[in-house]
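This report covers a predicted model. It takes up symmetry, interface, helix packing and sheet in turn.

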2 protein chains.
Amino acid sequence: MDITRITNAASRIAGQARVTPLLESHGLNAIAGRRVLVKAECLQVTGSFKFRGGWAAVSALNDAQRTAGVIAYSSGNHAQGVALAAREHGAPAVIIMPSDAPAAKIAATRALGAEVVLYDRASESREEIGDRIASDRGLTLIRPFDEPEVIAGQGTCGLEIASQAAEMGVSEADVLVCCGGGGLTAGIALSCEAKAPGLRVRPVEPEGYDDTARSLASGQHEVNAASAGGLCDAILTPSPGALTFPIMQRLCGPGLVVSEEQALRAMAAAFAHLNLVAEPGGAVALAAALFHGNQIKGDAVICTISGGNVDPEIFKRALDFL
Amino acid sequence: MDITRITNAASRIAGQARVTPLLESHGLNAIAGRRVLVKAECLQVTGSFKFRGGWAAVSALNDAQRTAGVIAYSSGNHAQGVALAAREHGAPAVIIMPSDAPAAKIAATRALGAEVVLYDRASESREEIGDRIASDRGLTLIRPFDEPEVIAGQGTCGLEIASQAAEMGVSEADVLVCCGGGGLTAGIALSCEAKAPGLRVRPVEPEGYDDTARSLASGQHEVNAASAGGLCDAILTPSPGALTFPIMQRLCGPGLVVSEEQALRAMAAAFAHLNLVAEPGGAVALAAALFHGNQIKGDAVICTISGGNVDPEIFKRALDFL
């Protein structure tokens with residue numbers, strides 16, 4: 001993995017993925033006590049950064065692979081990103097989703113033309129199911145994070161952060177990234193290394209699912225006790241990826257961990273001060289910026305809102321904090 | 001009023017107001033049966049397009065006027081736009097707001113450093129109160145729409161629509177604009193006349209407050225029976241402005257009228273498909289695009305989400321339609 005792979009992905013994505021805005025508000029700055037620059041990936045096509053990696057991966061396939069089709073497993077955001085990228089390339093798509101994924105994500109994935117296969121997150125392995133169906137049907141598996149082209153696609157978000165932060169006068173800051181398997185975190189870290197070396201990426205996870213923070217601290221792959229049931233469905237991966245972890249080890253600062261209530265409060269803050277809809281897993285980085293400021297240094301902090309695909313009932317719970 | 005005044009305002013606003021994105025989603029296109037391009041002014045600084053007009057007006061004052069300060073009357077969005085523009089120019093600001101304005105808007109206006117004076121929308125005239133305080137304190141009154149620099153500032157939104165729509169391949173379409181007194185509608189219409197003559201602006205209003213639609217139909221200033229109490233607080237003006245109406249008469253197509261329920265359903269659609277927070281008055285144009293398609297021609301329609309400053313309880317009512 002190097003920056004050339006990311007800039008190549010950026011060339012293929014141009015005109016397909018959105019250059020999402022880096023937003024600042026007086027209200028969030030006042031809460032955090034420093035400038036808070038929010039990379040609004042909830043405004044990305046399909047509602048999360050995952051379209052970047054999906055497009056990068058599908059657009060890198062050869063003709064035979066595209067004709068045969070692709071398969072992906074996902075709690076919902078990677079599902080939609082791959083489904084749309086596949087449809088736009090004329091490739092069939094099978095998406096394996098947990099049966100407890102948000103209803104809106106399952107419906108949206110089907111609406112994008114994909115065949116959805118549901119599995120039980122607690123008792124079945126999505127990796128095994130994915131490998132079996134891929135092999136049976138000759139599909140190309142597009143893993144959600146441990147895939148070089150996917151990491152490169154997510155890294156295009158980091159290219160934008162680097163240039164947008166510079167335009168806003170910020171060259172030294174922590175970049176807090178909502179972290180599941182580490183595709184977005186590693187991708188942004190690689191882009192910042194090349195384009196904005198004063199920006200330091202730090203993964204943010206919810207309590208109970210802080211495998212990356214613990215792995216970075218211990219120097220080895222730590223595994224979460226729980227693998228299902230948390231509110232932050234988008235980022236409940238058991239352990240950092242084989243490809244993403246070494247990148248994060250080399251480039252990232254210490255991880256941050258927030259409570260589910262803090263994620264909900266960050267969703268409420270994004271509603272009140274940015275008019276943005278964030279999902280719980282997409283709000284953990286903003287939660288760290290707002291509520292763990294004592295672990296952050298500097299006059300400014302950058303954070304991703306990595307997705308906004310949330311069921312209304314969960315969103316109402318967040319609004320109750322206002 | 002001509003395009004030069006708008007392009008001059010655009011020069012003063014550059015780097016202060018955001019160039020808000022023109023967003024498209026598969027989900028909204030599917031509901032409407034045509035392309036729907038959404039100008040997301042809810043992402044503007046202070047959460048609505050009103051910051052454009054506020055900045056344009058305050059930045060046009062001379063030093064003595066700035067030192068003395070400004071006054072504005074507003075249900076909340078113009079309030080915040082003027083309050084922030086004044087603060088950034090070092091000018092004191094008095095804002096006259098109806099006592100039934102959304103609590104979030106009153107709080108946000110105070111947080112921006114303005115002195116807020118509340119009045120009763122049903123029994124008092126904000127114009128009279130504004131004129132009296134302005135005269136007593138030597139403040140410059142910045143009217144919410146019937147003010148050339150304010151119209152010019154709102155028109156900068158139309159300059160962006162013209163260039164962004166062209167980039168997205170749309171040169172012939174109706175541009176549906178959420179309409180109160182007509183400042184945004186007239187401003188966008190002037191910009192489209194000069195920069196994108198294939199785009200035709202049409203005002204959109206809520207039922208019971210459709211003074212502009214009726215005025216355009218009759219050719220004279222019609223007045224709403226009610227002046228308070230509607231859900232779409234941002235756009236409950238009694239009659240089109242003296243400056244804005246002739247511009248709209250010359251340039252705009254017929255007005256559209258939506259129900260409050262349709263506005264709430266449009267808010268729900270913006271939540272589900274764009275991850276955006278729209279307020280009721282800021283959602284009427286999207287409501288017309290989604291639910292009054294039989295009154296619109298062409299393969300594409302453009303609409304503003306003109307603001308997103310909504311109290312959580314109202315937003316929850318919208319989410320109940322999902």
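## Symmetry

Of the residues of chain A, Leu276(A) comes closest to the rotation axis, with its C-alpha at 2.5 Å. Rotating by 180°, with 0.0 Å of shift along the axis, superposes chain A on chain B at an RMSD of 0.0 Å. That is the relation of a two-fold axis. The superposition is by least squares on the C-alpha atoms of residues with pLDDT of at least 70 in both copies.

## Conventions and confidence

Residues are numbered from 1 along each chain as its sequence is written, while chains are lettered from A and ligands numbered from 1 in the order in which they are written. The model is predicted: local features need pLDDT of at least 70, side-chain atom pairs count only at pLDDT 80 or more, and totals for chains, interfaces and linings use all residues.

Chain A averages a pLDDT of 95 (the predictor's confidence in each residue, from 0 to 100). In chain A, 100% of the residues score at least 70. The model has ipTM 0.95 and pTM 0.96.

## The interface

Chain A contributes 19 residues to the contact, and chain B contributes 19 residues. Two residues are in contact if their C-beta atoms, placed from the backbone, lie within 7 Å. On the side of chain A that touches chain B, α12 (260–274) and α14 (312–319) each supply at least two residues. α14(A) gives the most, with 4 residues. Helices here are DSSP runs of H or I, at least four residues, and strands are runs of E, at least two, numbered from the N terminus.

By class, this side of chain A has 14 nonpolar, 4 polar and 1 charged residues. Ala, Val, Leu, Ile, Met, Phe, Trp, Tyr, Cys and Pro count as nonpolar; Asp, Glu, Lys and Arg as charged; the others, Gly among them, as polar. Of the interface residues of chain A, 100% are also interface residues in chain B, so the copies meet through the same surface.

## Helix packing

α12(A) and α14(A) pack at about 85°, their axes 8 Å apart. That makes α12(A) roughly perpendicular to α14(A) (65 to 115 degrees). Axes are lines fitted to C-alpha atoms over the stretch in contact, and angles run from 0 to 180 degrees between N-to-C directions.

Leu264(A), Met267(A), Ala268(A) and Phe271(A) of α12(A) meet Phe315(A), Arg317(A), Ala318(A) and Leu319(A) of α14(A). This contact has 7 nonpolar, no polar and 1 charged residues.

## The sheet

Chain A has an open, mixed sheet of 6 strands, ordered β1-β2-β10-β7-β8-β9. Strands pair if DSSP finds at least two bridges between them. β1 (22–23) and β9 (256–258) of chain A stand at the edges, each with a single partner strand, so one side of each is left without a neighbour in the sheet.

Strands β7 (residues 173–178) and β8 (residues 199–206) of chain A run parallel, joined by 6 bridges. Val175(A) stands opposite Val201(A) in β8(A).

Technical notes
Parallel < 35°, antiparallel > 145°, perpendicular 65-115°, else oblique.
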